[in-house]
Amino acid sequence: MIFRYKKTTVNHKGKEYTICVPKYEFTKNTFLNELNTKDFYIVSSNTDHKELSDAMHFIAEHKDIILYIPFSKNKNPFLGNARPYMPPQLDLVCVHHSMQFRQKEWKEIRNKIKNNFVNCNFDIDDKELPHYCWSDFFKSENNDYIDIYKNFSTLIITGSSKTFNFIADRAFELSQYKYNDVYFEHEHLSELFKRTDKKQEWREVSLYLIDKIENY
């Protein structure tokens, strides 16, 4: 299985960042919104969830890059239609904890991205992919958790190889659902947030499957 992407580099404050963007053009049936404060959801179709799964496997194997998916270039399908109250689309960025990425600097980095991308391929071996279940995260160790941050109309997810592979599995499962009528299926990722003894503020990231955008 080949994951096709394009990459470029950005120099910012003396550090070079490699930005990778999927070549796949996500359809109008895919969008990322913040419904309430720190309550994010990615709504997508079967095919787009499969591509999202591949992208998550890709970032799981690359700890030194920024995965950037510009969902916002797809016009919000609800604006001016049935759901005029829906917020604008967000972009998605995924990075590893080990990068020590400063989320507040994303706006400056994003503005430096030029159209000088190089096309690349990454071979994803289905037989070698690790698979995890929820119980693997009940006692999170080291950096096996996700954190989220919104900056410059972008949801930034910081995680580990283990968590990104888990998200990839959940997106793939949604891509395999079949239905004959209007249907919803979803996966919550809240179990991936870091567990502490302190009271946690509400945070959620969810993946939603729909058949047609007008049925959402």
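Trainee: Which helix is Asn165 found in?

Mentor: Asn165 is in helix H3, which covers residues 161–175. Keep in mind that this is a predicted model.

Trainee: And is Asn165 buried or exposed?

Mentor: Buried, because its relative accessibility is 2% and the cut-off for buried is under 20%.

Trainee: So what does Asn165 touch, leaving out residues up to four places away in sequence?

Mentor: On that basis, Asn165 has contacts with His57, Ala60, Glu61, Pro130 and Tyr132.

Trainee: OK, switching to cavities. How many are there of 30 Å³ or more?

Mentor: One. The largest cavity holds about 60 Å³ of space.

Trainee: What lines the largest cavity?

Mentor: Its lining is Ile42, Leu52, Met56, Leu92, Cys94, Ile157, Ile167, Leu189, Val205 and Leu207. By class that's 10 nonpolar residues, with no polar and no charged ones.

Trainee: Which elements supply at least two residues each to that cavity lining?

Mentor: Helix H1 (46–60), strand S6 (91–96) and strand S11 (204–209).

Trainee: Now the largest pocket. How much space lies in there?

Mentor: About 260 Å³. The pocket has 17 lining residues, and Lys6, Val21, Tyr68, Pro70 and Lys73 are the ones nearest its centre. Strand S2 (15–22) and strand S5 (65–69) are the elements giving two or more residues to that lining.

Notes. Residues numbered from 1 in each chain as written. Predicted model: local features only at pLDDT ≥ 70, side-chain atom pairs only at ≥ 80, totals over all residues. Heavy atoms only, no water. 1 Å grid on protein atoms, 1.4 Å probe; cavity = no way out; pocket = protein on both sides within 12 Å on 5 of 7 lines; lining within 4 Å. Points joined across faces, edges and corners; volume = space filled by probe spheres on them. Helix = DSSP H or I, 4+ residues; strand = E, 2+ residues; numbered from the N terminus. Buried < 20%, exposed > 50% of the residue type's maximum accessible area, 1.4 Å probe, protein only. Contact = heavy atoms within 4.5 Å. Nonpolar A, V, L, I, M, F, W, Y, C, P; charged D, E, K, R; others polar.
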